[in-house]
Amino acid sequence: MEPVRLAFVGCGGIAGAHVNGLRALWERELRPFEVVAACDVVEDQARQLAARVAEFQGRQPEVYTDLAAMLDHAAEVEAVDICTLHSEHHTTAVPSLEAGKHVLIEKPLGITMRAGRLILAAAVRSRRHLAVAENYRRSPQERARHWAIRQGRIGSPRTFYWHDVGEGLGKWGWRNFRLDAGAGWVLDGGVHFADLFRYQLGTQAQQVYALTRQYEPYRYDQVRERRGAWRVDVEDAALALITFDNDVVVQWTWQGSAPGARFSRRVLYGSEGCLDWETGWWGRHEEHTDNDQLVAEFMGGLAADEKERLFPAGVTDAIAVELHDFAAAVRTGAVPEVDGLDGYRAQAICLALFESACAGRPVSLAEIERLETEAYQQDINQALGLGPGGHSCQ
Ligand SMILES: NC(=O)c1ccc[n+]([C@@H]2O[C@H](COP(=O)([O-])OP(=O)(O)OC[C@H]3O[C@@H](n4cnc5c(N)ncnc54)[C@H](O)[C@@H]3O)[C@@H](O)[C@H]2O)c1
């Protein structure tokens, strides 16, 4: 496969993990990309990323601080890897697609449903590939669970409990502010979980009923002493019921404002048994397969071509695999595993929590995806020039 000539847009934290993924592929003699440019509004970030790429690639990517300049001048760029903060997803993805570049974009697809739609529409107009960087589902453990469910190991899925409760009051940059991030952890990390619900169940979400809360209005430089505070506007608790096709119910709880005892529990129950994310598969009569055994059984049964698709050259780094999948889509015309529509549907689940909490009623995914209910998102859309003002629940 001829390497896809790639440019990074946004060269911060996760872009560094993408470079590690490229290096992991490189070390197994896989060359799906040649990185030809690195763009960040902070020049030093772009320079550092370019230098790290040059360490293994040899060729030094060109450095840009302005996307428009890069799209004008770096004609050889075929695809961009967008790793900017959420408010800069549509502002970078739409011009890149319009310039004829294929796009891999970090999650969530857009900061709001309107932003996501703009990106989807640009991909359709430009007839370029649009993939969302969804890495969680690609780990050997998640692949093994997906396989076990399809083997009938838990029977028909019934209820899915996904709980993470604890306290985290440290500052987290742009992630503490709705106009930059869209929401707090429920959208940021939560969109990975929404993707996992969809992936593991293999069906569509139908309805969401949720309550969200902000119990803690400040985040701190020094949490113990409560020093160096800034006021934040994102949620710190969300409790949701999500219905999926076939009568499946997901109960999703996240709280970052629960001091003292923490707990985390993730279990999918079916008619014949369950998958516990911590301890593995359990049958009705205490039959048990732990996670390592489950992965070994799954790997052992994989056909060679499927193994190569899921773990190219044996690479299990989930980000490396997501990058490889994107390159294969660009080169072969195959649909990437997580395309723009998958990304749109996953972000809709997360934003449905806020819309439900805002409206005080269950909301359907259809009304969220069609932009019929968007009061929670209204002030963000308005501030970013994405849509009309009007009622907002903030
Ligand atoms: N898949 C994962 O597991 C995972 C993990 C962390 C972050 N992310 C996602 O990655 C994205 C970035 O997060 P991060 O933690 O790397 O943030 P970050 O703040 O570390 O990096 C963002 C970078 O984008 C740059 N930037 C901002 N606007 C830009 C523009 N218009 N053009 C070019 N560069 C611009 C910033 O200067 C910064 O260097 C987010 O969408 C986040 O949700 C995904």
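How far apart do the C-alpha centres of domain 1 and domain 2 lie? After that, in what order do the 9 strands of the open sheet stand, and which strands stand at its edges?

Modeller: The model is a predicted one. Its protein chain is divided into domain 1, which takes in residues 4–136 and 313–337, and domain 2, which covers 139–303. The C-alpha centres of the two domains are 27 Å apart. To their contact domain 1 gives 11 residues and domain 2 gives 13. On the side of domain 1 that touches domain 2, there are 5 nonpolar, 4 polar and 2 charged residues.

We may now turn to the sheet. It is an open sheet of 9 strands with mixed pairing, and the order is β16-β15-β14-β13-β7-β12-β11-β8-β17. The edges are formed by β16 (288–289) and β17 (363–364); each has a single partner strand, so one side of each has no neighbour in the sheet. In general, strands of a sheet pair through backbone hydrogen bonds, in either a parallel or an antiparallel manner.

A hairpin of 3 residues leads from β14 to β15. Strand β15 (residues 280–283) is in turn joined to β16 by 2 bridges, again in an antiparallel arrangement. Here Trp282 is paired with His288 of β16. The hairpin between β15 and β16 has 4 residues, and Glu286 in its turn has a positive phi of about 70°.

Helix α13 (residues 340–359) lies across β8 (205–213), β11 (237–244) and β17, and it runs at about 60° to β8.

Two further places deserve attention for their backbone geometry. Most residues other than glycine have a negative phi, and most peptide bonds are trans. Arg127 is not a glycine, yet its phi is positive, at about 55°; this residue lies in the loop between α5 and β6 (130–133). Lys107 and Pro108 are joined by a cis peptide bond with an omega of about -15°. Pro108 belongs to the loop between β5 (102–106) and α5 (113–126).

A ligand is also part of the model. Around the ligand there are 25 residues, of which Gly10, Gly12, Gly13, Ile14 and Glu106 come nearest. By class, this shell has 11 nonpolar, 9 polar and 5 charged residues. Both α1 (13–27) and α4 (89–98) supply at least two residues of the shell, and the largest share, 3 residues, comes from α1.

Helix α1 also has a helical neighbour. Its axis and that of helix α2 (residues 43–57) come within 10 Å and cross at roughly 5°. Angles under 35 degrees count as roughly parallel, and α1 and α2 are therefore roughly parallel to each other. In their contact, Ala15, Val19, Arg23 and Trp26 of α1 meet Leu49, Arg52, Val53 and Phe56 of α2. These residues divide into 6 nonpolar and 2 charged, with no polar residue among them.

Note on methods: Residues numbered from 1 in each chain as written. Predicted model: local features only at pLDDT ≥ 70, side-chain atom pairs only at ≥ 80, totals over all residues. Pairing = 2+ DSSP bridges. Contact = placed C-beta atoms within 7 Å. Axes fitted to C-alpha atoms, helices over the stretch in contact; angles between N-to-C directions. Near = placed C-beta within 6 Å. Nonpolar A, V, L, I, M, F, W, Y, C, P; charged D, E, K, R; others polar. Parallel < 35°, antiparallel > 145°, perpendicular 65-115°, else oblique. Domains from an automatic or database assignment.
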